[in-house]
Amino acid sequence: MAAPSPTPFSRLFNSSVDARPTSLKTATILGPKLKSGETEQAHLRLLTSFKHLKFKASKEPPGLTQQLDNRKLESLTESENGCDLFEDLKHRFLRFKRRKFKENLDHFQNLAQGQAPKFMIIACADSRVCPSIILGFQPGEAFMVRNVANLVPTFESGPSETNAALEFAVNSLKVENILVIGHSCCGGIRALMSMEDEVDSSSFIRSWVVVGKNARLITKSAASNLSFDQQCRHCEKESVNHSLLNLLTYPWIEEKVAEGVLSLHGGYYDFIDCTFEKWTLDYKASNREKNSRFAVKNQFYWC
Amino acid sequence: MASLSLEETVEGGKRLINTSENEDNSAKLEKPTAELPLADLIPSSSSFDPVQAIIEGFKDFKLNEFDPNRPCYDELAKGQEPKFLVFACSDSRVSPSTILNFKPGEAFTVRNIANMVPVFDQLKHSGTGAAIEYAISVLEIPNILVIGHSRCGGIERLMSYPEDRSAPFDFIDDWVKIGLPAKLKVKAIWGNCSFDEQLKQCEKESVKLSLTNLLTYPYVRKAIAKNALKLMGGYYDFVDGKFEVVLFETHFSPPIPAI
(Lines give C-alpha, C1' and ligand atoms only; values in the text may rest on other atoms or scores of the structure.)
Protein backbone atom coordinates (compact mmCIF):
# COMPACT_ATOMS: atom_id res chain seq x y z
CA MET A 1 0.00 0.00 0.00
CA ALA A 2 1.41 3.37 -0.97
CA ALA A 3 2.09 5.71 1.88
CA PRO A 4 0.23 8.95 1.28
CA SER A 5 2.28 10.98 3.74
CA PRO A 6 5.52 12.48 2.41
CA THR A 7 7.39 12.28 5.71
CA PRO A 8 10.88 10.72 5.69
CA PHE A 9 9.52 7.99 7.95
CA SER A 10 7.13 6.72 5.32
CA ARG A 11 9.74 6.91 2.55
CA LEU A 12 11.94 4.55 4.52
CA PHE A 13 9.24 2.00 4.91
CA ASN A 14 7.59 2.24 1.48
CA SER A 15 5.75 -1.02 1.11
CA SER A 16 6.07 -1.84 4.77
CA VAL A 17 4.34 1.04 6.36
CA ASP A 18 0.62 1.40 6.38
CA ALA A 19 0.06 5.10 6.92
CA ARG A 20 -3.66 5.38 6.40
CA PRO A 21 -5.30 8.71 5.91
CA THR A 22 -6.98 10.17 8.94
CA SER A 23 -10.24 8.39 9.57
CA LEU A 24 -13.01 10.43 11.01
CA LYS A 25 -15.67 8.79 13.03
CA THR A 26 -18.58 10.23 14.87
CA ALA A 27 -18.52 8.96 18.40
CA THR A 28 -19.93 9.95 21.73
CA ILE A 29 -17.62 10.42 24.62
CA LEU A 30 -20.21 10.63 27.34
CA GLY A 31 -23.78 9.48 27.26
CA PRO A 32 -25.72 7.29 24.85
CA LYS A 33 -25.08 7.24 21.15
CA LEU A 34 -27.24 9.74 19.28
CA LYS A 35 -29.37 8.34 16.49
CA SER A 36 -29.67 10.53 13.39
CA GLY A 37 -33.30 11.37 14.11
CA GLU A 38 -32.50 12.49 17.61
CA THR A 39 -29.67 14.84 16.83
CA GLU A 40 -30.72 18.27 17.97
CA GLN A 41 -27.56 20.23 17.60
CA ALA A 42 -26.04 19.01 14.37
CA HIS A 43 -23.38 21.68 14.45
CA LEU A 44 -21.87 20.18 17.57
CA ARG A 45 -21.03 16.71 16.32
CA LEU A 46 -18.01 15.51 18.16
CA LEU A 47 -15.47 13.98 15.86
CA THR A 48 -12.78 11.63 16.89
CA SER A 49 -9.98 10.62 14.67
CA PHE A 50 -7.58 7.77 14.92
CA LYS A 51 -4.50 8.31 12.84
CA HIS A 52 -2.95 4.96 12.13
CA LEU A 53 0.67 4.19 11.68
CA LYS A 54 1.78 0.64 11.64
CA PHE A 55 5.28 -0.63 12.00
CA LYS A 56 5.42 -3.87 10.08
CA ALA A 57 9.01 -4.26 11.11
CA SER A 58 9.05 -7.97 10.44
CA LYS A 59 8.94 -7.28 6.71
CA GLU A 60 11.46 -4.49 6.40
CA PRO A 61 13.68 -4.63 3.32
CA PRO A 62 17.36 -5.50 3.73
CA GLY A 63 19.52 -2.53 4.54
CA LEU A 64 16.77 -0.85 6.50
CA THR A 65 18.50 -1.57 9.79
CA GLN A 66 21.55 0.21 8.50
CA GLN A 67 19.44 3.12 7.32
CA LEU A 68 17.94 3.45 10.77
CA ASP A 69 21.36 3.33 12.39
CA ASN A 70 22.68 6.05 10.12
CA ARG A 71 19.70 8.30 10.55
CA LYS A 72 19.99 11.11 13.02
CA LEU A 73 17.30 10.39 15.51
CA GLU A 74 16.39 13.82 16.72
CA SER A 75 12.91 13.30 18.04
CA LEU A 76 10.30 16.00 18.37
CA THR A 77 11.54 18.07 15.46
CA GLU A 78 8.82 17.22 12.91
CA SER A 79 6.04 19.66 12.34
CA GLU A 80 3.19 17.21 11.72
CA ASN A 81 1.05 16.54 14.74
CA GLY A 82 2.15 13.33 16.55
CA CYS A 83 4.51 12.19 13.76
CA ASP A 84 7.56 13.12 15.79
CA LEU A 85 6.33 11.01 18.67
CA PHE A 86 5.57 8.15 16.32
CA GLU A 87 9.08 8.43 14.99
CA ASP A 88 10.41 8.14 18.51
CA LEU A 89 8.24 5.13 19.35
CA LYS A 90 9.07 3.48 16.05
CA HIS A 91 12.77 3.75 16.75
CA ARG A 92 12.35 2.40 20.24
CA PHE A 93 10.38 -0.62 19.09
CA LEU A 94 12.73 -1.46 16.24
CA ARG A 95 15.67 -1.35 18.59
CA PHE A 96 13.99 -3.91 20.83
CA LYS A 97 13.07 -5.99 17.80
CA ARG A 98 16.63 -5.93 16.50
CA ARG A 99 18.45 -6.52 19.77
CA LYS A 100 16.14 -8.84 21.64
CA PHE A 101 13.24 -10.24 19.66
CA LYS A 102 15.15 -11.48 16.63
CA GLU A 103 18.07 -12.74 18.70
CA ASN A 104 15.73 -14.92 20.76
CA LEU A 105 13.05 -15.88 18.29
CA ASP A 106 12.51 -19.39 19.67
CA HIS A 107 12.11 -18.05 23.16
CA PHE A 108 9.61 -15.42 22.05
CA GLN A 109 7.68 -17.97 20.04
CA ASN A 110 7.38 -20.13 23.14
CA LEU A 111 6.35 -17.14 25.20
CA ALA A 112 3.64 -16.33 22.69
CA GLN A 113 2.00 -19.63 23.59
CA GLY A 114 1.80 -18.76 27.26
CA GLN A 115 3.52 -17.13 30.21
CA ALA A 116 4.76 -18.86 33.35
CA PRO A 117 6.43 -16.15 35.40
CA LYS A 118 7.97 -17.08 38.74
CA PHE A 119 7.48 -13.58 40.13
CA MET A 120 4.68 -11.19 40.69
CA ILE A 121 6.06 -7.71 41.30
CA ILE A 122 4.18 -4.82 42.87
CA ALA A 123 6.12 -1.64 42.23
CA CYS A 124 5.54 2.08 42.04
CA ALA A 125 4.55 3.80 38.80
CA ASP A 126 7.48 6.21 39.30
CA SER A 127 9.45 6.51 36.05
CA ARG A 128 12.74 5.89 37.83
CA VAL A 129 11.99 2.50 39.35
CA CYS A 130 11.01 0.08 36.63
CA PRO A 131 11.81 -3.41 37.94
CA SER A 132 12.58 -4.66 34.42
CA ILE A 133 15.49 -2.21 34.37
CA ILE A 134 16.78 -2.31 37.93
CA LEU A 135 16.37 -6.02 38.49
CA GLY A 136 16.81 -7.13 34.89
CA PHE A 137 13.55 -9.02 34.44
CA GLN A 138 13.30 -10.36 30.92
CA PRO A 139 10.05 -10.98 28.99
CA GLY A 140 8.20 -13.81 30.63
CA GLU A 141 9.81 -13.56 34.05
CA ALA A 142 7.72 -11.16 36.07
CA PHE A 143 4.01 -10.39 36.14
CA MET A 144 3.93 -6.78 37.16
CA VAL A 145 1.53 -4.38 38.82
CA ARG A 146 2.55 -0.76 39.07
CA ASN A 147 0.53 1.80 40.97
CA VAL A 148 1.14 4.96 42.98
CA ALA A 149 3.35 4.10 45.98
CA ASN A 150 3.26 0.32 45.36
CA LEU A 151 0.32 -0.15 47.71
CA VAL A 152 -1.71 -3.30 48.26
CA PRO A 153 -5.26 -2.79 49.54
CA THR A 154 -6.78 -5.34 51.92
CA PHE A 155 -9.11 -8.12 50.85
CA GLU A 156 -11.91 -6.42 52.75
CA SER A 157 -11.62 -3.19 50.82
CA GLY A 158 -13.28 -4.79 47.80
CA PRO A 159 -12.38 -5.11 44.12
CA SER A 160 -9.64 -2.93 42.71
CA GLU A 161 -7.10 -3.02 39.90
CA THR A 162 -4.40 -4.29 42.23
CA ASN A 163 -6.27 -7.22 43.67
CA ALA A 164 -7.63 -8.26 40.26
CA ALA A 165 -4.00 -8.65 39.25
CA LEU A 166 -3.25 -10.51 42.50
CA GLU A 167 -6.06 -12.95 41.82
CA PHE A 168 -4.82 -13.61 38.30
CA ALA A 169 -1.19 -14.01 39.29
CA VAL A 170 -1.77 -16.24 42.31
CA ASN A 171 -4.76 -18.33 41.24
CA SER A 172 -4.30 -18.56 37.46
CA LEU A 173 -0.59 -18.14 36.81
CA LYS A 174 0.34 -19.65 40.18
CA VAL A 175 3.40 -17.49 40.71
CA GLU A 176 5.78 -18.67 43.44
CA ASN A 177 6.96 -15.28 44.65
CA ILE A 178 5.38 -11.91 45.27
CA LEU A 179 7.85 -9.05 45.67
CA VAL A 180 6.64 -5.61 46.79
CA ILE A 181 9.23 -2.97 45.97
CA GLY A 182 9.29 0.43 47.65
CA HIS A 183 11.72 3.19 46.73
CA SER A 184 13.34 6.42 47.83
CA CYS A 185 11.76 9.85 47.29
CA CYS A 186 8.33 8.36 46.67
CA GLY A 187 5.81 11.09 45.86
CA GLY A 188 2.88 8.94 46.88
CA ILE A 189 4.33 8.20 50.33
CA ARG A 190 5.16 11.87 50.69
CA ALA A 191 1.53 12.69 49.93
CA LEU A 192 0.46 10.10 52.52
CA MET A 193 2.74 11.62 55.16
CA SER A 194 1.58 15.14 54.29
CA MET A 195 -2.11 14.40 54.68
CA GLU A 196 -3.94 16.23 57.43
CA ASP A 197 -5.93 13.94 59.68
CA GLU A 198 -9.27 15.46 58.77
CA VAL A 199 -9.13 16.32 55.16
CA ASP A 200 -11.45 17.02 52.29
CA SER A 201 -10.58 14.11 50.06
CA SER A 202 -11.59 15.50 46.72
CA SER A 203 -8.20 14.41 45.52
CA PHE A 204 -7.74 11.00 43.94
CA ILE A 205 -4.22 10.82 45.29
CA ARG A 206 -5.47 11.17 48.84
CA SER A 207 -8.28 8.64 48.28
CA TRP A 208 -5.72 6.12 47.11
CA VAL A 209 -2.73 6.60 49.40
CA VAL A 210 -4.97 6.32 52.43
CA VAL A 211 -4.62 2.55 51.78
CA GLY A 212 -1.27 3.00 53.49
CA LYS A 213 -2.59 4.88 56.50
CA ASN A 214 -1.46 2.29 59.04
CA ALA A 215 2.10 2.63 57.81
CA ARG A 216 1.80 6.38 58.36
CA LEU A 217 0.44 5.89 61.88
CA ILE A 218 3.30 3.59 62.82
CA THR A 219 5.84 5.96 61.31
CA LYS A 220 4.39 8.96 63.12
CA SER A 221 4.52 7.17 66.44
CA ALA A 222 7.96 5.64 65.95
CA ALA A 223 9.83 8.36 64.11
CA SER A 224 8.22 11.65 65.09
CA ASN A 225 11.55 12.99 66.30
CA LEU A 226 13.10 12.63 62.85
CA SER A 227 12.97 15.20 60.05
CA PHE A 228 10.08 15.02 57.61
CA ASP A 229 12.35 13.59 54.90
CA GLN A 230 13.57 10.89 57.26
CA GLN A 231 10.01 10.12 58.28
CA CYS A 232 9.07 9.70 54.63
CA ARG A 233 11.96 7.30 54.14
CA HIS A 234 10.86 5.35 57.19
CA CYS A 235 7.32 5.24 55.86
CA GLU A 236 8.48 4.06 52.44
CA LYS A 237 9.83 0.91 54.08
CA GLU A 238 7.05 0.59 56.65
CA SER A 239 4.56 0.72 53.81
CA VAL A 240 6.21 -2.25 52.07
CA ASN A 241 5.80 -4.33 55.23
CA HIS A 242 2.25 -3.07 55.56
CA SER A 243 1.55 -4.23 52.01
CA LEU A 244 3.01 -7.66 52.81
CA LEU A 245 0.62 -7.96 55.74
CA ASN A 246 -2.24 -6.81 53.54
CA LEU A 247 -1.37 -9.60 51.13
CA LEU A 248 -2.03 -12.08 53.92
CA THR A 249 -5.59 -10.79 54.28
CA TYR A 250 -6.38 -12.61 51.02
CA PRO A 251 -7.40 -16.15 52.04
CA TRP A 252 -6.03 -17.74 48.88
CA ILE A 253 -2.70 -16.00 49.42
CA GLU A 254 -2.36 -16.92 53.08
CA GLU A 255 -3.27 -20.50 52.26
CA LYS A 256 -0.47 -20.80 49.69
CA VAL A 257 2.04 -19.06 51.92
CA ALA A 258 1.19 -21.44 54.76
CA GLU A 259 1.63 -24.40 52.41
CA GLY A 260 5.02 -23.08 51.38
CA VAL A 261 4.21 -22.75 47.66
CA LEU A 262 4.17 -18.95 47.69
CA SER A 263 6.76 -16.62 49.26
CA LEU A 264 6.22 -12.95 50.05
CA HIS A 265 9.19 -10.62 49.79
CA GLY A 266 9.76 -6.96 50.47
CA GLY A 267 12.25 -4.83 48.60
CA TYR A 268 13.51 -1.25 48.79
CA TYR A 269 15.35 0.51 45.99
CA ASP A 270 17.31 3.60 46.92
CA PHE A 271 18.14 5.43 43.71
CA ILE A 272 20.20 8.09 45.45
CA ASP A 273 22.96 5.65 46.34
CA CYS A 274 21.87 2.77 44.11
CA THR A 275 21.32 0.20 46.81
CA PHE A 276 18.74 -2.54 47.03
CA GLU A 277 17.43 -4.26 50.14
CA LYS A 278 15.40 -7.40 50.10
CA TRP A 279 13.77 -9.43 52.83
CA THR A 280 11.37 -12.34 53.00
CA LEU A 281 8.33 -12.68 55.24
CA ASP A 282 8.92 -15.62 57.55
CA TYR A 283 5.38 -16.89 57.85
CA LYS A 284 6.11 -19.84 60.09
CA ALA A 285 8.13 -17.79 62.54
CA SER A 286 5.55 -15.01 62.66
CA ASN A 287 3.17 -15.27 65.56
CA ARG A 288 -0.26 -15.33 64.00
CA GLU A 289 -2.15 -14.40 67.13
CA LYS A 290 -3.44 -10.92 67.89
CA ASN A 291 -0.79 -8.22 68.10
CA SER A 292 1.61 -10.66 66.57
CA ARG A 293 4.97 -9.64 65.29
CA PHE A 294 6.13 -9.82 61.77
CA ALA A 295 9.26 -11.91 61.35
CA VAL A 296 11.61 -11.62 58.42
CA LYS A 297 14.33 -13.82 57.07
CA ASN A 298 16.87 -13.81 54.26
CA GLN A 299 17.48 -10.12 54.53
CA PHE A 300 20.02 -8.76 52.09
CA TYR A 301 21.45 -5.35 51.41
CA TRP A 302 23.25 -4.82 48.16
CA CYS A 303 25.36 -1.83 47.38
CA MET B 1 -4.26 -7.72 61.03
CA ALA B 2 -0.90 -8.25 62.71
CA SER B 3 0.84 -5.11 63.83
CA LEU B 4 4.44 -4.34 63.15
CA SER B 5 6.84 -3.69 65.96
CA LEU B 6 9.48 -1.03 65.41
CA GLU B 7 12.31 -3.46 66.10
CA GLU B 8 11.29 -5.56 63.19
CA THR B 9 10.82 -2.73 60.76
CA VAL B 10 13.54 -2.83 58.24
CA GLU B 11 15.81 0.19 58.67
CA GLY B 12 18.32 0.58 55.96
CA GLY B 13 19.06 -3.14 56.10
CA LYS B 14 22.29 -2.54 57.87
CA ARG B 15 21.18 -4.34 61.01
CA LEU B 16 21.38 -8.09 60.97
CA ILE B 17 18.18 -9.84 61.89
CA ASN B 18 18.74 -12.05 64.90
CA THR B 19 17.53 -15.41 63.73
CA SER B 20 18.78 -17.46 66.66
CA GLU B 21 15.41 -17.23 68.40
CA ASN B 22 13.66 -18.83 65.40
CA GLU B 23 14.95 -22.29 66.12
CA ASP B 24 12.58 -24.08 63.78
CA ASN B 25 13.89 -22.18 60.84
CA SER B 26 17.58 -22.04 61.68
CA ALA B 27 18.34 -24.96 59.44
CA LYS B 28 16.54 -23.38 56.50
CA LEU B 29 17.67 -19.81 56.86
CA GLU B 30 20.80 -18.47 55.32
CA LYS B 31 22.68 -16.06 57.53
CA PRO B 32 21.61 -12.62 56.48
CA THR B 33 24.49 -10.57 55.25
CA ALA B 34 24.94 -6.87 54.98
CA GLU B 35 27.00 -4.75 52.64
CA LEU B 36 28.79 -7.63 50.98
CA PRO B 37 30.09 -7.19 47.48
CA LEU B 38 27.51 -8.53 45.10
CA ALA B 39 29.81 -11.19 43.66
CA ASP B 40 29.99 -12.98 47.04
CA LEU B 41 26.27 -13.42 47.26
CA ILE B 42 25.69 -15.72 44.31
CA PRO B 43 24.66 -19.22 45.38
CA SER B 44 25.54 -22.16 43.19
CA SER B 45 22.13 -23.84 42.95
CA SER B 46 21.17 -24.92 39.44
CA SER B 47 17.39 -24.73 39.97
CA PHE B 48 15.60 -21.39 39.82
CA ASP B 49 16.53 -19.29 42.82
CA PRO B 50 14.54 -16.08 43.09
CA VAL B 51 17.19 -14.40 45.22
CA GLN B 52 19.91 -15.22 42.72
CA ALA B 53 17.75 -13.91 39.90
CA ILE B 54 17.34 -10.56 41.61
CA ILE B 55 20.99 -10.35 42.65
CA GLU B 56 22.18 -10.94 39.11
CA GLY B 57 19.72 -8.45 37.74
CA PHE B 58 20.56 -5.69 40.18
CA LYS B 59 24.30 -6.29 39.86
CA ASP B 60 24.05 -5.95 36.10
CA PHE B 61 22.04 -2.74 36.40
CA LYS B 62 24.39 -1.17 38.94
CA LEU B 63 27.63 -2.06 37.20
CA ASN B 64 26.59 -1.54 33.60
CA GLU B 65 23.97 1.15 33.75
CA PHE B 66 23.91 3.13 36.99
CA ASP B 67 27.62 3.56 37.76
CA PRO B 68 28.68 4.58 34.23
CA ASN B 69 25.86 7.14 34.11
CA ARG B 70 26.10 8.46 37.64
CA PRO B 71 25.59 12.17 36.81
CA CYS B 72 22.29 11.39 35.04
CA TYR B 73 21.07 9.32 37.95
CA ASP B 74 22.06 12.01 40.43
CA GLU B 75 19.85 14.42 38.50
CA LEU B 76 17.02 11.92 38.35
CA ALA B 77 17.18 11.43 42.10
CA LYS B 78 16.26 15.09 42.52
CA GLY B 79 13.08 14.72 40.50
CA GLN B 80 11.46 13.04 37.54
CA GLU B 81 10.22 14.65 34.34
CA PRO B 82 8.89 11.78 32.30
CA LYS B 83 7.47 12.52 28.86
CA PHE B 84 5.08 9.58 28.91
CA LEU B 85 2.37 8.25 31.16
CA VAL B 86 2.05 4.64 30.03
CA PHE B 87 -0.75 2.21 30.73
CA ALA B 88 0.38 -1.32 30.00
CA CYS B 89 -0.78 -4.80 30.87
CA SER B 90 0.69 -6.66 33.84
CA ASP B 91 1.50 -9.53 31.46
CA SER B 92 5.13 -10.62 31.98
CA ARG B 93 5.79 -10.47 28.24
CA VAL B 94 4.94 -6.83 27.61
CA SER B 95 7.05 -4.59 29.82
CA PRO B 96 7.10 -1.17 28.09
CA SER B 97 10.66 -0.57 29.29
CA THR B 98 11.73 -3.63 27.35
CA ILE B 99 9.75 -3.28 24.14
CA LEU B 100 10.00 0.49 23.85
CA ASN B 101 13.36 0.87 25.59
CA PHE B 102 12.17 3.43 28.13
CA LYS B 103 15.09 4.49 30.29
CA PRO B 104 14.72 5.47 33.97
CA GLY B 105 12.97 8.80 34.07
CA GLU B 106 11.16 8.55 30.75
CA ALA B 107 7.87 6.82 31.47
CA PHE B 108 5.57 6.96 34.48
CA THR B 109 4.06 3.53 34.11
CA VAL B 110 0.84 2.02 35.39
CA ARG B 111 0.40 -1.69 34.86
CA ASN B 112 -2.85 -3.52 35.45
CA ILE B 113 -4.85 -6.40 34.01
CA ALA B 114 -5.55 -5.72 30.33
CA ASN B 115 -4.15 -2.18 30.48
CA MET B 116 -7.52 -0.64 31.23
CA VAL B 117 -8.42 2.89 32.15
CA PRO B 118 -11.79 2.99 33.89
CA VAL B 119 -14.21 5.87 33.77
CA PHE B 120 -13.64 8.52 36.44
CA ASP B 121 -14.88 7.09 39.76
CA GLN B 122 -13.27 8.32 42.92
CA LEU B 123 -14.82 5.64 45.06
CA LYS B 124 -14.16 2.58 42.97
CA HIS B 125 -11.09 3.42 40.95
CA SER B 126 -8.97 5.66 43.12
CA GLY B 127 -5.80 3.79 42.15
CA THR B 128 -6.02 4.66 38.47
CA GLY B 129 -7.28 8.13 39.26
CA ALA B 130 -4.36 8.75 41.61
CA ALA B 131 -1.88 7.80 38.91
CA ILE B 132 -3.54 10.04 36.32
CA GLU B 133 -3.91 12.93 38.74
CA TYR B 134 -0.27 12.68 39.81
CA ALA B 135 1.00 12.28 36.26
CA ILE B 136 -1.01 15.11 34.71
CA SER B 137 -1.53 17.61 37.53
CA VAL B 138 1.75 17.22 39.40
CA LEU B 139 4.28 15.93 36.86
CA GLU B 140 2.55 17.63 33.87
CA ILE B 141 3.38 14.74 31.58
CA PRO B 142 2.63 15.68 27.94
CA ASN B 143 1.77 12.25 26.47
CA ILE B 144 -0.41 9.35 27.55
CA LEU B 145 0.17 6.03 25.82
CA VAL B 146 -2.14 3.06 26.40
CA ILE B 147 -0.59 -0.17 25.10
CA GLY B 148 -2.64 -3.28 24.36
CA HIS B 149 -1.16 -6.58 23.29
CA SER B 150 -1.80 -9.94 21.69
CA ARG B 151 -2.99 -13.00 23.63
CA CYS B 152 -4.22 -10.88 26.53
CA GLY B 153 -5.63 -13.04 29.33
CA GLY B 154 -7.75 -10.22 30.71
CA ILE B 155 -9.40 -9.56 27.36
CA GLU B 156 -9.96 -13.28 26.91
CA ARG B 157 -11.76 -13.37 30.26
CA LEU B 158 -13.86 -10.35 29.26
CA MET B 159 -14.88 -12.00 25.99
CA SER B 160 -15.52 -15.44 27.51
CA TYR B 161 -17.40 -14.71 30.69
CA PRO B 162 -20.22 -15.28 31.54
CA GLU B 163 -21.08 -17.03 28.28
CA ASP B 164 -18.69 -19.88 29.05
CA ARG B 165 -20.62 -20.53 32.29
CA SER B 166 -17.40 -20.75 34.28
CA ALA B 167 -17.22 -19.89 37.97
CA PRO B 168 -16.80 -16.18 38.66
CA PHE B 169 -13.59 -14.66 39.90
CA ASP B 170 -13.88 -12.40 42.95
CA PHE B 171 -11.91 -9.51 41.55
CA ILE B 172 -10.89 -10.19 37.94
CA ASP B 173 -14.43 -10.18 36.58
CA ASP B 174 -15.27 -6.96 38.36
CA TRP B 175 -12.20 -5.33 36.83
CA VAL B 176 -12.39 -6.53 33.24
CA LYS B 177 -16.01 -5.53 32.88
CA ILE B 178 -14.65 -2.02 32.44
CA GLY B 179 -14.13 -3.23 28.87
CA LEU B 180 -17.76 -4.23 28.27
CA PRO B 181 -18.45 -1.47 25.74
CA ALA B 182 -15.52 -2.76 23.68
CA LYS B 183 -16.86 -6.31 23.89
CA LEU B 184 -20.29 -5.21 22.74
CA LYS B 185 -18.79 -3.39 19.78
CA VAL B 186 -16.66 -6.37 18.81
CA LYS B 187 -19.63 -8.75 19.03
CA ALA B 188 -21.67 -6.38 16.88
CA ILE B 189 -19.08 -5.92 14.15
CA TRP B 190 -17.01 -9.11 14.24
CA GLY B 191 -19.46 -11.49 15.88
CA ASN B 192 -19.34 -13.81 12.86
CA CYS B 193 -15.55 -14.07 12.90
CA SER B 194 -13.49 -16.66 14.74
CA PHE B 195 -13.08 -16.23 18.47
CA ASP B 196 -9.37 -15.54 17.98
CA GLU B 197 -10.20 -12.71 15.59
CA GLN B 198 -12.73 -11.31 18.05
CA LEU B 199 -10.09 -11.40 20.80
CA LYS B 200 -7.63 -9.49 18.65
CA GLN B 201 -10.21 -6.87 17.76
CA CYS B 202 -11.23 -6.52 21.39
CA GLU B 203 -7.60 -6.05 22.45
CA LYS B 204 -7.49 -3.07 20.09
CA GLU B 205 -10.98 -1.75 20.79
CA SER B 206 -10.28 -1.86 24.51
CA VAL B 207 -7.30 0.45 24.00
CA LYS B 208 -9.55 2.90 22.14
CA LEU B 209 -12.13 2.62 24.91
CA SER B 210 -9.49 3.38 27.53
CA LEU B 211 -8.39 6.44 25.56
CA THR B 212 -12.01 7.59 25.47
CA ASN B 213 -12.37 6.97 29.21
CA LEU B 214 -9.35 9.19 29.85
CA LEU B 215 -11.48 12.13 28.74
CA THR B 216 -13.73 11.64 31.77
CA TYR B 217 -10.89 12.88 34.01
CA PRO B 218 -11.11 16.66 34.43
CA TYR B 219 -7.34 17.20 34.52
CA VAL B 220 -6.98 15.28 31.26
CA ARG B 221 -9.63 17.41 29.55
CA LYS B 222 -8.04 20.57 30.91
CA ALA B 223 -4.58 19.62 29.67
CA ILE B 224 -5.95 18.70 26.23
CA ALA B 225 -7.82 22.00 26.02
CA LYS B 226 -4.55 23.81 26.67
CA ASN B 227 -2.87 21.71 23.99
CA ALA B 228 -0.54 20.34 26.64
CA LEU B 229 -1.43 16.66 26.32
CA LYS B 230 -1.56 14.05 23.55
CA LEU B 231 -3.34 10.72 23.82
CA MET B 232 -2.05 7.66 21.97
CA GLY B 233 -2.85 4.01 21.78
CA GLY B 234 -0.41 1.24 20.98
CA TYR B 235 -0.76 -2.45 20.14
CA TYR B 236 2.10 -4.88 20.61
CA ASP B 237 1.76 -8.16 18.74
CA PHE B 238 4.39 -10.49 20.17
CA VAL B 239 3.31 -13.33 17.92
CA ASP B 240 4.43 -11.52 14.76
CA GLY B 241 6.77 -8.99 16.30
CA LYS B 242 4.81 -5.90 15.32
CA PHE B 243 3.84 -2.66 16.97
CA GLU B 244 1.24 -0.15 15.86
CA VAL B 245 0.23 3.24 17.21
CA VAL B 246 -2.88 5.36 16.98
CA LEU B 247 -3.14 9.03 17.81
CA PHE B 248 -6.43 9.96 19.48
CA GLU B 249 -7.72 13.42 18.72
CA THR B 250 -11.01 15.11 19.44
CA HIS B 251 -12.29 18.18 17.73
CA PHE B 252 -15.55 19.80 16.66
CA SER B 253 -16.57 20.23 13.03
CA PRO B 254 -17.27 23.72 11.74
CA PRO B 255 -20.85 24.79 12.47
CA ILE B 256 -23.45 23.27 10.16
CA PRO B 257 -26.26 25.80 9.90
CA ALA B 258 -29.84 24.58 10.01
CA ILE B 259 -31.56 26.41 7.17
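Q: Which residue forms a salt bridge with Asp173(B), and how far apart are the closest N and O atoms?
A: The partner is Arg157(B), with the closest N and O atoms 2.7 Å apart. A salt bridge here is a side-chain nitrogen of Lys or Arg within 4 Å of a carboxyl oxygen of Asp or Glu.

Q: Is Asp173(B) buried or exposed?
A: Asp173(B) counts as buried at 11% relative accessibility. Arg157(B) is buried too, with a relative accessible area of 11%. Buried means under 20% relative accessible area, exposed over 50%, and partly exposed in between (1.4 Å probe, protein chains only).

Q: What kind of model is this, and what are the conventions?
A: It is a predicted model: local features need pLDDT of at least 70 and side-chain atom pairs count only at pLDDT 80 or more, while totals for chains, interfaces and linings use all residues. Residues are numbered from 1 along each chain as its sequence is written, chains are lettered from A and ligands numbered from 1 in the order in which they are written, and side-chain values use heavy atoms, with hydrogens and water left out.

Q: How many salt bridges are there over all chains?
A: The search of the whole structure finds 18. One of the pairs is Asp270(A) with Arg233(A), at 2.7 Å from N to O. That pair links distant parts of the chain, with Asp270(A) in strand S6 (residues 263-270) of chain A and Arg233(A) in helix H10 of chain A, 37 residues apart.

Q: Are those two buried or partly exposed?
A: Asp270(A) counts as buried at 2% relative accessibility, whereas Arg233(A) counts as partly exposed at 31%.

Q: Which residues are linked in a network?
A: Asp88(A), Arg92(A) and Glu106(B) are linked in a network of salt bridges.

Q: Changing topic: how many disulfides are there over all chains?
A: The count is zero, where a disulfide is a pair of cysteine sulfur atoms within 2.5 Å.

Definitions and conventions: Helices (H or I, at least four residues) and strands (E, at least two) are DSSP runs, numbered from the N terminus.
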